[in-house]
Amino acid sequence: MPRDLCPFCPGSGKVPDDYDTFLYPNDFTAFSQNNPPFENNPGLFATTGSRGTCDVVLYHPDHNLLPSAMTAEHWSKVVDTWRGRTEQLFANPDIAYVHIFENAGEAIGVTMPHPHGQIYALPMVPPLVERELESARAPLEVSVLQVVGG
Ligand SMILES: [Zn+2]
């Protein structure tokens with residue numbers, strides 16, 4: 001990405017010229033509601049539809065503002081954006097899981113330094129998350145016994 005061109009900055013033509021936070025579908029989406037439905041086929045070489053949604057959430061119009069430097073008031077606007085989109089996604093019976101995550105830093109391969117994150121929505125709960133939920137629902141005594149017993 002050229003240093004003097006950021007599509008997330010106001011005035012780029014890609015986003016509104018004036019915004020606090022802004023949500024839009026990811027241009028390079030990993031999931032789409034147009035893909036075939038997910039099928040629970042555990043075969044070694046099984047494939048299934050990459051159905052779901054990918055959104056980009058722009059946290060702030062200031063290209064160089066680190067999320068850690070944003071005010072609590074502005075973070076409240078970001079959280080409102082997350083909450084509104086999550087409610088909208090869960091209104092769709094095809095969505096079973098919503099994952100909101102931060103994109104910051106070259107170390108994780110972020111190509112856009114503009115402060116932003118993403119929201120992925122999937123038609124299934126990922127297996128690791130499902131196991132964590134099952135563990136969290138289990139009585140504490142059972143969890144301790146399972147750790148001690150191996
Ligand atoms: Zn920018």
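Me: What makes Arg83 and Asp80 a salt bridge?

Reply: The cut-off comes first: a side-chain nitrogen of Lys or Arg has to lie within 4 Å of a carboxyl oxygen of Asp or Glu. For Arg83 and Asp80 the closest N and O atoms are 2.8 Å apart, so the pair qualifies. Arg83 and Asp80 sit three residues apart in helix H1, about one helical turn. One caution about the source: this is a predicted model, where local features need pLDDT of at least 70 and side-chain atom pairs pLDDT 80 or more, while totals for chains, interfaces and linings use all residues. Residues are numbered from 1 along each chain as its sequence is written, and side-chain values use heavy atoms, with hydrogens and water left out.

Me: What makes Lys77 and Asp20 a salt bridge?

Reply: Their side chains meet at 3.3 Å, N to O. Lys77 is in helix H1 (residues 72–90), and Asp20 is in the segment before strand E1 (22–25), so this pair ties together parts 57 residues apart in sequence. Lys77 is partly exposed at 31%, and Asp20 is partly exposed at 41%. A search of the whole structure gives six salt bridges.

Me: What about rings: how many aromatic pairs does the search find?

Reply: Eight. The rings concerned are those of Phe, Tyr and Trp (its six-membered ring), and they pair if their centres lie within 6.5 Å; planes under 30 degrees apart count as stacked, over 60 as edge-to-face and the rest as tilted.

Me: Why is the pair of Trp75 and Trp82 called tilted?

Reply: The centres are 6.0 Å apart and the planes make an angle of 55°. That angle falls into the remaining class, so the label is tilted. Trp75 itself is partly exposed, at 22% relative accessibility.

Me: What makes Phe101 and Tyr120 edge-to-face?

Reply: Their planes stand at 85°, with ring centres 4.9 Å apart, so the pair is edge-to-face. Phe101 lies in strand E3 (residues 97–103) and Tyr120 in strand E4 (residues 116–122), so the pair ties together parts 19 residues apart in sequence. Phe101 is partly exposed at 22%, and Tyr120 is partly exposed at 22%. Elsewhere, ring pairs link Phe8, Tyr19, Phe22 and Tyr24 into a cluster.

Me: What pattern does the protein follow along the sequence?

Reply: It reads β-β-α-β-β-α-α, with three helices and four strands in total. Those elements are DSSP runs numbered from the N terminus: helices are H or I with at least four residues, strands are E with at least two. Of the 150 residues, 30% count as buried.

Notes. Buried means under 20% relative accessible area, exposed over 50%, partly exposed in between (1.4 Å probe, protein chains only).
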